[in-house]
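Dear colleague,

Please find below the structure that I am handing over to you, together with its sequence. My notes on the nonpolar cores and the salt bridges follow.

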Amino acid sequence: MTNKDIERVLSEIRELACKTSRDIEEARIRLLGKKGEITALFEEFRTIDKSEKAVFGKPLNELKQAAITRLEELKEAVGGGEAASTGAAADLSMPGDDFPLGSRHPVSIVRQQIVDIFRKFGYDVAEGPEIEDDRHVFEALNFPPNHPARDMQDTFFVSTGHLNPILLRTHTSSVQVRTMESASLPIRVICPGRVFRNEAISARAHCIFHQVEGLYVDENVTFADLKQAILLFAREMFGPDTKIRMRPSYFPFTEPSAEVDVSCNICHGKGCNVCKGTGWLEIMGCGMVDPNVLKASGIDPQKYSGFAFGMGIERIAMLKWRVNDLRHYFENDLRFLKQFESCVEA
């Protein structure tokens, strides 16, 4: 091996000219292939005396890099020329790549359906912060100081070192309080959003879930108005033949209060394993706004009355699509989510 051998191959690389991709591949094989000129020089380099390796090692590596760089330059030049000559780059009729499109999450689909239904009834949408204070989550909603919901077993507290602790909201009723404090009467709003509770995760419960709560405050609002609003919603969501029933219940912020069931849309009231043979499915809680709640937000309970209701979005989605495990909504399993690609307008 001599410097002249390296210079000869280097000169060949500099003068290399190719018109097609095939010419470039042939040049690569001639220079860098298993029997190529540069490969042969490296094989010879292995046999020379150690004292000469320092002389030829660096020039040989530079030669190989020069060959690689030159071949890449030729690929770019020839590739652009071939595309231009065939018109491939400018052929707008060629089909594009088929990228799979995503779809909306089933919880988002149901949330939008609920919002659309109540918007038809004249309700506005109100939203508020997920990190709230004790006043808006509990105190203004008539929760006594020793109420179990204030216990840390149910609530995620962020800070408890002052008179108005900071926490992750346990319901979107806090948005109703903020609305009553700031909006002019009458009030007709729904409050969708994410809420948090310190619960064990299972097929029927999760520490994160979504709610839609509604509020209507005006003069002469009655329980009959509440029942009619819920009946209309149930028939819009589950079908025109849906029936509802109300069972007495208790909530600190409403009086009287009720749990609402709808007739099972699977067995149509005859009884099945989904409704546990009763023919009914629970969907929400509701009631007339407690006068203390109105008073805490600066509304005169002698002049105004109102009703409120709240439902879990995951619960509605489970009933609508017969999903048997709440955890499916949070695991982002594409096999589950792909089943709802056609349900956006459902």
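The largest nonpolar core holds 48 residues, and those that touch the most other members are Ile114, Phe233, Ile283, Phe307, Phe309 and Met311. Several elements each supply at least two residues of this core: helices H5 (106-120), H8 (223-238), H10 (313-321) and H11 (334-337), together with strands S6 (208-218), S8 (254-263), S9 (280-289) and S10 (305-312). Helix H8 provides the largest share, namely 8 residues. Please bear in mind that this is a predicted model.

Leaving aside residues up to four places away in sequence, Phe309 touches Phe118, Tyr123, Gln176, Ile190, Val212, Glu213, Gly214, Leu226, Met284, Gly285 and Cys286. As general background, nonpolar side chains in soluble globular proteins tend to be buried together.

I turn now to the charged pairs. The whole structure contains 18 salt bridges. One of them joins the side chains of Arg8 and Glu37, with an N to O distance of 3.2 Å. This pair connects distant parts of the chain, since Arg8 belongs to helix H1 (residues 3-14) and Glu37 to helix H3 (residues 37-45), 29 residues apart. Arg8 is partly exposed, because its relative accessible area of 46% lies between the cut-offs of 20% and 50%.

Arg178 and Glu132 form another salt bridge, in which the closest N and O atoms are 2.6 Å apart. Here too, distant parts of the chain are linked: Arg178 lies in helix H7 (residues 173-182) and Glu132 in strand S2 (residues 131-133), 46 residues apart. What is the accessibility of Arg178, and is Glu132 buried or exposed? Arg178 has a relative accessible area of 31% and is therefore partly exposed, whereas Glu132, at 2% relative accessibility, counts as buried.

A further salt bridge pairs Arg335 with Asp333, and the closest N and O atoms of the two are 2.7 Å apart. Arg335 counts as exposed, at 67% relative accessibility, while Asp333 is partly exposed, with a relative accessible area of 25%.

Finally, a network of salt bridges links Arg245, Arg247, Asp261 and Glu282.

With kind regards

Notes:
Residues numbered from 1 in each chain as written. Predicted model: local features only at pLDDT ≥ 70, side-chain atom pairs only at ≥ 80, totals over all residues. Heavy atoms only, no water. Core = buried A, V, L, I, M, F, W, Y, C linked by side-chain atoms within 4.5 Å. Buried < 20%, exposed > 50% of the residue type's maximum accessible area, 1.4 Å probe, protein only. Helix = DSSP H or I, 4+ residues; strand = E, 2+ residues; numbered from the N terminus. Contact = heavy atoms within 4.5 Å. Salt bridge = Lys/Arg side-chain N within 4 Å of Asp/Glu carboxyl O.
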